[in-house]
Amino acid sequence: MIFSIGAALLAAAVVVAVTWPLHRGRAADAEAETVAADVNVYRDQLDEIESDLARGVLTEADAASARVEVSRRLLNASKPHALDTDADVAKAADAPNRSAGTPGWAFAAAAIIPATALGVYLWLGSPTAPDQPRSARLSVPLDRLSPQELIARVEARLQAQPDDGRGWDLIAPLYLRQARFGDAVTAFRNGIRLNGASPERAKGLADSIVGANRGRVTDQALALYEAVAKDDPNRFDAAFWIAIAKEQRGDLKGAAADYALLLPRTQQGTRGRAAVEERLAFVRSAIGTGKPDAKTADPNAKAAPPKTATGPTEDDVKAAEGMAPEDRSAMIRGMVARLDERLGDASTDLDGWQRLVRAYMVLGERDQARAALQRAEKALRGNAQALAALKRSAEALGLTSS
């Protein structure tokens with residue numbers, strides 16, 4: 001009830017504020033008419049001065065003096081609300097009085113609108129009805145909830161029933177889509193524990209692990225992808241990440257072979273095809289630099305990935321647009337992780353550092369971006385020009401190293 005009265009009063013105040021210009025409008029019009037009349041008079045006087053000068057009634061000196069005086073008055077009269085004389089002041093004071101009674105009907109109508117609305121509500125509405133119970137609000141169908149509302153509802157249910165396997169199956173992909181990778185890992189593992197292993201749960205768990213590791217395909221994630229690919233050899237997503245894992249481990253020839261096998265399984269012009277073509281071109285280029293891979297290098301030494309800095313390019317972004325949200329996020333994070341690893345702590349590749357800092361900011365990882373910026377400043381120490389460029393790009397992103 002109190003809210004209803006407050007709303008009505010607020011509505012009345014808004015209507016009054018809107019109709020107030022009606023009150024001021026007539027006075028403003030009267031003043032404008034007066035100013036316009038004064039301006040016309042002064043212009044006529046200027047014309048008369050020129051006419052008198054032409055007829056010889058005024059000398060040039062008198063005409064000039066008259067022009068100055070009339071021009072001054074003309075300028076003052078042209079200024080809004082210019083009140084130079086007592087007559088002007090009196091004229092402006094009289095203007096509101098001529099229209100003071102005009103808008104009474106407008107204020108009456110303004111008062112009737114909220115009063116009528118309040119009366120109708122009190123007659124037909126239920127101002128004393130209580131809020132809808134929480135249980136009723138929670139009974140809204142799932143397909144009408146926002147992702148956040150759905151997550152909140154499922155989380156509440158899982159707190160009461162932690163062994164609800166269906167709840168874990170429902171919330172796990174939601175966590176993954178929102179990049180809550182740690183929560184997604186827990187949810188997928190609970191789903192597997194309660195409901196048993198399946199290709200979809202295994203793939204979701206692998207994607208969550210990759211996301212939690214900033215795009216790095218760990219041994220556990222690789223084992224999951226391999227299990228999915230073994231269960232269904234036609235799974236493009238699992239095969240793609242297996243190839244990514246080989247690339248990350250320095251097995252460039254193995255990765256190139258996998259990417260080449262994936263090409264016929266994609267349609268020309270699709271984003272998946274573009275992603276495979278981009279990775280295949282990169283690893284072939286890296287192989288051409290003479291860098292050893294894991295199969296030809298010393299088996300007791302860890303093969304190092306190529307040192308050419310790269311990162312998410314325009315083609316990478318376009319290729320990722322057609323993927324599922326979790327695949328797209330993992331793909332981008334994988335490229336950022338590879339760029340981070342290749343730059344290390346001593347690279348002098350200014351462009352690579354700028355792209356890495358920018359990529360972390362796009363991913364929303366501000367702390368990682370700041371850490372990368374500090375590493376870049378240390379690596380580029382002694383190169384004033386590069387440091388200045390790095391500082392400019394960081395400031396453009398709203399980031400400083402301190």
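Tutor: Tyrosine 225 is buried, with a relative accessible area of 0%. Buried means under 20% relative accessible area, exposed over 50%, partly exposed in between (1.4 Å probe, protein chains only).

Student: What should I know about the model and its numbering?

Tutor: This is a predicted model: local features need pLDDT of at least 70, side-chain atom pairs count only at pLDDT 80 or more, and totals for chains, interfaces and linings use all residues. Residues are numbered from 1 along each chain as its sequence is written, and side-chain values use heavy atoms, with hydrogens and water left out.

Student: What is the mean pLDDT of the chain?

Tutor: pLDDT is the predictor's confidence in each residue, from 0 to 100. The chain mean is 74, and 62% of residues reach 70 or more. Residues 289-310 stay under 50. Where pLDDT is low, the predicted coordinates should not be read in detail.

Student: Which helix holds tyrosine 225, and what is it in contact with?

Tutor: Helices are DSSP runs (H or I, at least four residues), numbered from the N terminus. Tyrosine 225 lies in helix α10, residues 219-231. Contact means heavy atoms within 4.5 Å. Beyond four places in sequence, tyrosine 225 has contacts including Lys203, Val210 and Trp241.

Student: What follows α8?

Tutor: Glycine 196, with a positive phi near 95°.

Notes: Helix = DSSP H or I, 4+ residues; strand = E, 2+ residues; numbered from the N terminus.
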